[in-house]
Amino acid sequence: MKTGLYIHLPFCKQKCNYCDFASFAGREFLIDDYLEALSKEASLSPIRTFETLYVGGGTPSVLSAAQLEKLAQIIENRFGPISRFEESTCEANPESLTAEKAAALNKAGFNRVSLGLQSFNDAELKTLGRVHNAADFLRAYQTVRACGFENINVDLIAGLPDQTLESFLCSLDRVLSLRPEHLSVYGLQIEEGTPFFERGVVCDQLLMRRMLEETHVRLTAAGYHHYEISNFALSGREAKHNTHYWNDGDYIGLGSSSASFFCGVRHQNTPDVCEYIRRINAGESAAEFTEKLEGKARAGERLMLALRKLDGAELSAQDEEMFGREIEKHVKSGLLLRVGKKVKLSFEGLFLANEVFCSFVAPFEEE
Ligand SMILES: C[S@@+](CC[C@H](N)C(=O)[O-])C[C@H]1O[C@@H](n2cnc3c(N)ncnc32)[C@H](O)[C@@H]1O
Ligand code: SF4
């Protein structure tokens with residue numbers, strides 16, 4: 001069974017108005033101590049051989065080129081050369097990814113870069129609280145390409161405040177004209193505790209759905225494979241690391257707030273960066289909680305993850321026994337389709353997936 005390695009870098013230049021990821025602005029002074037702690041945590045990893053690597057955040061490109069080299073060294077010392085991973089992705093933001101940093105990532109052996117754009121419209125980027133503009137993104141994209149990266153992902157968000165269908169499609173078409181190997185297009189989620197939530201920003205769900213439907217139509221016509229609810233790839237460029245999550249594979253997370261799932265047990269590290277560093281230096285576990293999912297909860301989680309893929313989930317006799325009634329309910333309402341031994345989201349279901357997923361998460365209806 002393959003295993004994935006995730007490393008979290010919780011530093012950002014500025015906190016975006018919609019983001020509830022465990023990331024913080026103005027803490028760059030902690031980066032060197034954080035890297036030391038990562039190195040110690042890596043030395044305790046129960047496994048040393050991974051097929052995929054994903055360095056995410058936060059904003060990994062906030063690190064200096066020297067700090068990125070140090071991070072690469074930490075990975076290499078414990079887990080072997082980064083170039084040996086089947087896929088090794090580093091997230092980067094347009095404002096902080098310089099040619100020097102892109103070259104450092106390339107030299108270290110990373111073979112994929114994920115660039116957060118969100119929108120090509122400068123006014124929308126400002127509303128989002130992004131620190132870059134469209135021109136910064138274009139510069140960063142060309143820099144990554146010029147460095148020799150042949151696998152680039154671009155993130156976009158649909159349904160932004162005051163965003164029109166035309167403006168969203170303009171962003172989509174401009175990204176498409178660059179022909180990145182992979183595109184992630186998310187619908188905006190208003191998360192509790194974010195400035196958008198506090199300001200009472202509401203999302204026009206109908207308009208957002210039109211945007212996401214048109215995304216499917218345009219990207220499919222342009223030769224991209226819509227393989228997961230929010231993800232599209234040119235042939236053979238489907239993200240291996242994330243697909244491994246959806247296939248219910250094991251993964252180890254390092255760093256504050258990172259999650260691990262290994263031998264049926266899930267851990268999540270503390271999101272507090274100082275507390276993470278303190279615990280690791282004191283030889284304590286950084287885990288905030290640990291749980292072992294079993295029985296119906298475990299089977300439901302596996303199904304929910306698999307259903308994120310457009311290819312759907314293979315159903316075992318046990319799945320039929322546990323969830324057959326719920327699955328039939330969603331088949332009748334047109335959100336799920338049965339295809340042989342598999343079940344998958346219908347086109348309608350792609351946009352209402354959470355309604356389906358509720359059936360697979362505890363507490364279950366009959367309880
Ligand atoms: C780990 S996050 C951030 C990566 C990177 N720091 C950046 O900002 O581009 C990965 C992606 O999740 C998406 N995302 C984050 N918060 C979101 C939200 N509230 N609604 C929809 N998409 C969101 C964004 O597209 C973002 O690029
Ligand atoms: S969206 Fe990215 S850059 Fe913005 S706060 Fe979240 S992690 Fe940081």
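A crossing of two helices is called left-handed if the near helix is turned anticlockwise from the far one by less than a right angle, and right-handed if clockwise. I start with that because this predicted model has one crossing of each kind to show you: α1 with α10 is left-handed, and α6 with α8 is right-handed.

Helix α1 covers residues 31-43 and helix α10 covers residues 273-281. Their axes are 9 Å apart and meet at an angle of about 45°. Angles under 35 degrees count as roughly parallel and 65 to 115 as roughly perpendicular, so α1 and α10 are oblique to each other. On the α1 side, the contact is made by Asp 33, Tyr 34, Ala 37, Lys 40 and Glu 41. On the α10 side, Val 273, Tyr 276, Ile 277, Ile 280 and Asn 281 take part. Sorted by class, this contact has six nonpolar, one polar and three charged residues.

Helix α6, residues 165-178, packs on helix α8, residues 205-221, at about 30°, with the axes 10 Å apart. Because angles under 35 degrees count that way, α6 and α8 are roughly parallel. From α6 come Leu 165, Phe 168, Leu 169, Leu 172 and Leu 176, and they meet Leu 207, Arg 210, Met 211, Glu 214, Thr 215 and Arg 218 of α8. The classes here are seven nonpolar, one polar and three charged residues.

Next, the ligands. Which residues come nearest to ligand 1? They are Tyr 18, Gly 116, Asp 155, Tyr 186 and Gln 189, out of 17 residues around that ligand. Strands β4 (52-57), β6 (112-118) and β7 (152-158) each give two or more residues to this shell. Its residues divide into six nonpolar, eight polar and three charged.

Around ligand 2 we find Cys 12, Lys 15, Cys 16, Cys 19, Phe 21, Ser 23, Gly 57, Gly 58, Thr 59, Asn 93 and Gly 116. That shell has four nonpolar, six polar and one charged residues by class. Gly 116, then, is named for ligand 1 and again for ligand 2.

Two of the residues around ligand 2, Gly 57 and Gly 58, bring me to the backbone. A cis peptide bond joins them, with omega about 20°. Gly 58 sits in the loop between β4 and α2 (65-79).

As background, most residues other than glycine have a negative phi, and most peptide bonds are trans. Cys 263 has a phi of about 55° and is in the loop between β12 (259-262) and β13 (265-269). Is Cys 263 buried or exposed? With 7 other C-beta atoms within 10 Å, Cys 263 is exposed, since 12 or fewer is the cut-off for that class.

Asp 248 is the other one, with phi near 65°, and it belongs to the loop between α9 and β11. Asp 248 has 16 C-beta neighbours inside 10 Å and so counts as partly exposed.

I finish with Gly 249, in the loop between α9 (240-246) and β11 (250-254). Gly 249 is partly exposed as well, with 17 other C-beta atoms within 10 Å. What does Gly 249 touch, leaving aside residues up to four places away in sequence? Met 1, Lys 2, Thr 3, Gly 4 and His 244. Gly 4 is 245 residues away along the chain, yet the C-alpha atoms of Gly 4 and Gly 249 are separated by 7.8 Å.

Conventions
Residues numbered from 1 in each chain as written. Chains lettered and ligands numbered in written order. Predicted model: local features only at pLDDT ≥ 70, side-chain atom pairs only at ≥ 80, totals over all residues. Axes fitted to C-alpha atoms, helices over the stretch in contact; angles between N-to-C directions. Helix = DSSP H or I, 4+ residues; strand = E, 2+ residues; numbered from the N terminus. Parallel < 35°, antiparallel > 145°, perpendicular 65-115°, else oblique. Contact = placed C-beta atoms within 7 Å. Nonpolar A, V, L, I, M, F, W, Y, C, P; charged D, E, K, R; others polar. Buried ≥ 20, exposed ≤ 12 C-beta atoms within 10 Å, placed from the backbone. Near = placed C-beta within 6 Å.
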